[in-house]
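Visitor: I would like to learn how to read a structure feature by feature. Could you walk me through one?

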Amino acid sequence: MWSKYLIGYLKRIYKVLLWFLLLTGCFCLVYFLYDLPVSAALYAALLSVACGLLFLIFDFLRYVSHCRKIEFMLSQELPVPEDFPLPFDYLEEEYQALIRKIYRNRIDEQERSAIQYADLIDYYTLWVHQIKTPISAMNLLLQTEESPHAGEMSLELFKIEQYTEMVLQYLRLGSTANDFVLQTYDLDDMIRQALRKYARMFIGRKLSVNFSETHQKVLTDEKWMVFVIEQLLSNALKYTNAGTISIYGAEGGQGFVIEDTGIGISAEDLPRIFEKGYTGFNGRRDKKATGLGLYLCKQILDKLGHRIEVASVPGTGTKMTVIFPNLSKL
């Protein structure tokens, strides 16, 4: 510990030490050239060295105290310039003034960014709510339309509605003030909400759903949890061409599983499927994946204190397991 302080201090004053030794050498040389008593020269040199050592010891202790104050500041999560120790010299005083200026500029920039982000959230929130009106109107028109493509158009319109909702949730998730409301909810009820919403897609893709009630009460946020279930169902539907999507309780009664009989996920893609924007082999082949659905699910579940696990076999299917740690059946 002390060695790093000593090395740093010597680097700081090595020029002064060299100058002191040079002056001492000149002093002794003059005594020698003028044939003056050597004892007088040595006495003066030793006295100078003793005084210099006392000064250096005092100055070194001040230096160590100064370093420790700065180290303590660095150990804090959010150090502020107001906690700076008194500057050692004019140069350090100027550096501290520069840091304070940069810090103030950073705070001002953060405040401006926060205002701009809030404006952006407000704009997209308004946009999503406004766009839902023509979407609902088009849905009503398609329901009365006897066109052979009405069903397909209705499904595509449903996807548009889901994408607009995803935009809103993505922006809200990045906000520092997430509107989480943690309460005890019926897990089966939240799963049914998502299934009702995606019923048309199950029918349109001619897929069967096997829902086994979990009989679980969980502490979570209903709105965000339903969004997660919807995204997991959407993914299962997207990559399942035939067969069944099953929903049932996880082992231990602390979560649920959404299992499909789709194309599966390759082993090299599994570790990265929750990364932002990562689409993997299936997404590149499909050319429609955004790489945001599973990313949003992971971020939401992390913020809620839940966990998600994935297991998949290419060509066989994928199993997504959402776990509510430390919760049991109520």
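Guide: Gladly. Let us begin with a single side chain: Phe256 is buried, with a relative accessible area of 0%. Please keep in mind throughout that this is a predicted model.

Visitor: Which ring does Phe256 pair with, and how is the pair oriented?

Guide: A pair of aromatic rings is described by the distance of the centres and the angle of the planes. Here the partner is Phe324: the ring centres of Phe256 and Phe324 are 6.4 Å apart and the planes stand at 40°, so the pair is tilted. Phe256 belongs to strand β5 while Phe324 sits in the segment after β7, so the pair ties together parts 68 residues apart in sequence. Phe324 is buried as well, with a relative accessible area of 0%.

Visitor: How many aromatic pairs does the structure hold?

Guide: It holds three. One of them is formed by Tyr9 and Tyr63, a tilted pair with 5.4 Å from centre to centre and 50° between the planes.

Visitor: Let us turn to the nonpolar cores. Which residues have the most contacts inside the largest one?

Guide: The largest nonpolar core has 43 residues, and the ones with the most contacts inside it are Met225, Ile229, Leu232, Leu233, Phe256 and Ile258. Elements giving two or more residues to this core include α4 (150–173), α5 (187–197), α7 (222–238), β5 (255–259) and β7. The greatest contribution comes from α7, with 10 residues. At least three residues of this core come from each of domain 2 (90–178) and domain 3 (183–323).

Visitor: What does Ile258 touch?

Guide: Leaving out residues up to four places away in sequence, Ile258 touches Ile229, Leu232, Leu233, Ala236, Ile245, Ser246, Ile247, Thr318, Lys319 and Met320. There is also a second, separate core of eight residues, which includes Tyr9, Ile13, Phe60 and Tyr63.

Visitor: Now the strands. In which sense do β6 and β7 pair?

Guide: In a regular strand the side chains alternate between the two faces of the sheet. In this model, strand β6 (residues 307–313) and strand β7 (residues 317–323) pair in the antiparallel sense over seven bridges.

Visitor: Which residues does Thr321 touch?

Guide: Thr321 lies in strand β7. Not counting residues up to four places away in sequence, Thr321 touches Ala250, Phe256, Val257, Arg307, Ile308 and Glu309. Thr321 is buried, with a relative accessible area of 12%.

Visitor: And where is Thr240 found?

Guide: Thr240 is in the loop between α7 and β4. Thr240 is buried, with a relative accessible area of 0%. Aside from its neighbours within four places in sequence, Thr240 is in contact with Arg205, Leu207, Asp260, Thr261 and Gly262.

Visitor: Let us step back to the whole chain. How is the protein chain divided?

Guide: The assignment gives domain 1 (1–79), domain 2 (90–178) and domain 3 (183–323). The C-alpha centres of domain 2 and domain 3 lie 23 Å apart. Across that pair, 12 residues of domain 2 are in contact with 19 residues of domain 3. The protein chain has nine helices and seven strands.

Visitor: What radius of gyration does the protein chain have?

Guide: The protein chain has 35 Å, whereas a compact globule of 330 residues would have a radius of gyration near 20 Å. The C-alpha atoms fill a box of roughly 120 × 40 × 40 Å along the principal axes.

Visitor: What share of the residues count as buried?

Guide: Of the 330 residues, 32% count as buried. As for contacts between residues at least 6 apart in sequence, 68% join residues at least 24 apart.

Note on methods: Residues numbered from 1 in each chain as written. Predicted model: local features only at pLDDT ≥ 70, side-chain atom pairs only at ≥ 80, totals over all residues. Heavy atoms only, no water. Pairing = 2+ DSSP bridges. Helix = DSSP H or I, 4+ residues; strand = E, 2+ residues; numbered from the N terminus. Core = buried A, V, L, I, M, F, W, Y, C linked by side-chain atoms within 4.5 Å. Buried < 20%, exposed > 50% of the residue type's maximum accessible area, 1.4 Å probe, protein only. Domains from an automatic or database assignment. Contact = heavy atoms within 4.5 Å. Phe/Tyr/Trp six-rings, centres within 6.5 Å; stacked < 30°, edge-to-face > 60°. Rg over C-alpha atoms; globule rule 2.2 N^0.38 Å.
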